[in-house]
Structures are given as C-alpha cells and as structure tokens.
Amino acid sequence: MSTKFAWILVFLVSMVPLIELRGAIPFSQMYGLPILPSYIVAVIGNMVPVPFIYLFARKVLEWGADKPIIGKFFSWCLEKGQKGGQKLQAKAGKGLFVALLLFVGIPLPGTGAWTGTLAASILDMDFKSSITAVMLGVLLAGIIMGAASMGVFGALGAVFS
C-alpha cells in the first residue's frame, strides 16, 4: 500500500464511530508511519465530525427514532447518548467539563468523541465547552494510544514486575 493511501486511511479510520483515533493510531503503526504525524492526522480526523454531531445528531436521531427501518438503531443511539450523559452528570455534578474530557480521553469502548459529543448535546452543554472538552479528551486519548502503540506500557510493566 502506498504511503499516501495509508495516511488517507488513518484520517478516515479516525472518523469512524467506535473506532475513531483509538483504532487509527495503532492502524498507522501497522504501516510503519511516524507516530507524531499519525497522531496529528488522527486527531484532526477524529475532530472533523464533532461539530456536526453536536449540532445535528440529536435532531436526526430524535426524528428517526420512530421510523420503520431505522427506528431501532436511532433509538439505540439516543439511549446510548442519554445513558452516557446521565453517567457523566451523576459523577460530575458541576465538574461536567472535566468529566466529559475524561470520558472521551480514557480509551475504553464506547467512550470516544462521538458518544461524548452526543452526550454533551443531550445534556445541553454549551457548544464551546463541549467542543473544547472533547478536543482535550481526543488529545489525551491520542497520547495514551500513541504510548500504547509504541510499547511504553509494556516496557513499564517489564520494569515494575
């Protein structure tokens, strides 16, 4: 595969829900791409859909929740966003910004920029705070995934065992 195509794939993979940057950075390492540019490309790709998710996803999901073919999936997405938002709000109280940042930033399944942004939209967080918290969370997740992809955690495990 050509290097240009690999870069495009890293960018596109980072935009895919559930995979996002958490999959794009390890993917970039499978193709031997340098880690810092991979991190930057994956962060940009992961952030591209975020404003659109915040502004439109909730409206589209609410519209489609009662439609025949798409209704179940749209309802599932709304429930996932609501559950994520309720968990965030319950744990965070007034620290919702930090909770959203950590929710997005700690790379666990279902806690990426897509879910975090949808949760922020459902919780009616303001646009600027939501985007900033998600951006910082994506940066944190990228650092964690970059370190994991470079074997930092394995090396630390070997040192401390």
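## Where α3 meets α8

Start with the helix pair: Ile 35, Tyr 39, Val 43, Asn 46 and Met 47 in α3 touch Ile 131, Val 134, Met 135, Val 138, Leu 139, Gly 142, Ile 143 and Gly 146 in α8, where contact means heavy atoms within 4.5 Å. By class, this α3 and α8 contact takes in 10 nonpolar, 3 polar and no charged residues. For that tally, Ala, Val, Leu, Ile, Met, Phe, Trp, Tyr, Cys and Pro are nonpolar, Asp, Glu, Lys and Arg are charged, and the others, Gly among them, are polar.

The two helices pack at an angle of about 150°, and their axes are 10 Å apart. Axes here are lines fitted to C-alpha atoms, for helices over the stretch in contact, with angles running from 0 to 180 degrees between N-to-C directions. Helices are DSSP runs of H or I with at least four residues, numbered from the N terminus.

## What you're looking at

This is a predicted model, so local features need pLDDT of at least 70 and side-chain atom pairs count only at pLDDT 80 or more, while totals for chains, interfaces and linings use all residues. Residues are numbered from 1 along each chain as its sequence is written, and side-chain values use heavy atoms, with hydrogens and water left out.

## Ser 38, tucked into α3

Ser 38 also belongs to α3, which covers residues 35-47. Is Ser 38 buried or exposed? Ser 38 counts as buried because its relative accessibility is 0%; the cut-offs are under 20% relative accessible area for buried, over 50% for exposed and partly exposed in between (1.4 Å probe, protein chains only).

Setting aside neighbours within four places in sequence, Ser 38 is in contact with Trp 7, Val 10, Ser 28, Gln 29 and Leu 33. With Ser 28 there is a side chain to side chain polar contact at 3.2 Å. That term covers a pair of N or O atoms within 3.5 Å; within protein, one must be able to donate a hydrogen and the other to accept it, and residues adjacent in sequence count only if both atoms are side-chain atoms.

## Salt bridges

Side chains of opposite charge can pair when their charged atoms come close. How many salt bridges does a search of the whole structure find? The search turns up 3, each a side-chain nitrogen of Lys or Arg within 4 Å of a carboxyl oxygen of Asp or Glu. Arg 58, Glu 62 and Asp 124 form a linked network of them. Glu 62 pairs with Arg 58 at 3.3 Å, N to O; both sit in helix α4 (residues 50-64), 4 residues apart, about one turn of the helix. Asp 124 meets Arg 58 at 2.8 Å, N to O. Asp 124 lies in the loop between α7 (113-122) and α8 (127-149) and Arg 58 in α4, so this pair ties together parts 66 residues apart in sequence.

As for accessibility, Arg 58 is partly exposed at 24%, Glu 62 is partly exposed at 43%, and Asp 124 is exposed at 56%. Another salt bridge joins Lys 67 and Asp 66 (3.3 Å, N to O). Lys 67 is partly exposed at 28%, while Asp 66 is exposed at 61%.
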